[in-house]
Amino acid sequence: MLESIRELRRRKNFTLRQLSEKTGYTVSFLSQLERGIKNPSLDALRAIAQALDVSLVSLMNNSDYTAGSRGETGDDAGEGGFCVLPPDGRRTMPIDLPGVRYQLLNAQQLAPGHAGDVTMVLCTLQPGCSSSGKMVSHLYTEVCFVIAGRIRALRAGGEELLGPGDTIRVTPGVLHDFYNVGDAPAVVLAVTF
């Protein structure tokens with residue numbers, strides 16, 4: 001995936017400095033990401049995807065990732081085709097957040113070249129862990145379905161306690177974070193669009 005950031009940046013004819021200006025991250029940090037020295041935060045990945053005008057899934061969309069899928073692949077899937085991604089074919093996002101695992105559930109980019117794709121992520125939070133490590137906001141809508149565990153959804157001015165079967169929608173621009181307040185891992189399906 002990290003090589004794909006460099007490849008996409010070069011394809012757009014962006015220098016590291018230009019990407020830095022578009023994302024708000026330093027040239028040094030971006031260079032370290034491209035060389036695999038640092039792991040990005042989820043926010044950094046989203047900012048890079050937006051700056052490069054690609055979906056988050058496209059950053060993860062390399063041959064190792066798509067090799068685990070069955071069915072039609074490439075541009076044909078999504079145009080009446082199908083693509084199945086079995087559990088052992090999921091890609092774990094290389095984020096730097098202890099006790100948190102994000103797995104992409106999209107078998108491939110749904111609409112090549114669009115930053116507004118639907119992205120499906122399975123998030124597992126260990127007890128006491130936070131989904132972002134801080135309050136964050138996004139430029140997109142996020143809908144989360146709690147599969148297992150107990151989650152405290154924090155937002156500026158309030159909070160909600162969520163359990164299995166609960167769904168929450170977070171609109172663009174709302175500062176929020178999710179915490180596992182239970183004593184077992186919490187599993188949340190997050191869909192962004």
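User: Which residue in β5 is the bridge partner of Gln 103?
Analyst: In β5, Gln 103 has Leu 122 as its bridge partner. Please keep in mind that this is a predicted model, in which local features need pLDDT of at least 70 and side-chain atom pairs count only at pLDDT 80 or more, while totals for chains, interfaces and linings use all residues. Residues are numbered from 1 along each chain as its sequence is written, and side-chain values use heavy atoms, with hydrogens and water left out.

User: ok, and how many bridges join β4 to β5?
Analyst: Five bridges join strand β4 (residues 100–104) to β5, and the two run antiparallel. Strands here are DSSP runs of E with at least two residues, and helices are runs of H or I with at least four residues, both numbered from the N terminus; two strands pair if DSSP finds at least two bridges between them.

User: what about β5 and β11, over how many bridges do they pair?
Analyst: β5 pairs with strand β11 (residues 186–192) over seven bridges, in the antiparallel sense, and Met 120 has Val 191 of β11 as its bridge partner.

User: is β5 largely enclosed or open?
Analyst: Strand β5 (residues 119–125) is largely enclosed by the rest of the structure, because six of its seven residues are buried. Buried means under 20% relative accessible area, exposed means over 50%, and partly exposed is in between, with a 1.4 Å probe and protein chains only.

User: switching to helices, at what angle do the axes of α2 and α3 cross?
Analyst: The axes of helix α2 (residues 16–23) and helix α3 (residues 27–34) cross at roughly 110° and come within 9 Å. That makes α2 roughly perpendicular to α3, a term for angles of 65 to 115 degrees. Axes are lines fitted to C-alpha atoms, for helices over the stretch in contact, and angles run from 0 to 180 degrees between N-to-C directions.

User: which residues of α2 make the contact?
Analyst: Leu 16, Arg 17, Leu 19, Ser 20 and Thr 23 of α2 make the contact with Val 27, Leu 30, Ser 31 and Glu 34 of α3, where contact means heavy atoms within 4.5 Å.

User: and which residues in α3 are buried?
Analyst: Phe 29, Leu 30, Ser 31, Gln 32, Leu 33 and Glu 34 are buried in α3. Because six of the eight residues of α3 are buried, the helix is largely enclosed by the rest of the structure.

User: last one, where does Glu 160 lie?
Analyst: Glu 160 lies in strand β8 (residues 158–162), and at 41% relative accessibility Glu 160 counts as partly exposed.

Conventions: Parallel < 35°, antiparallel > 145°, perpendicular 65-115°, else oblique.
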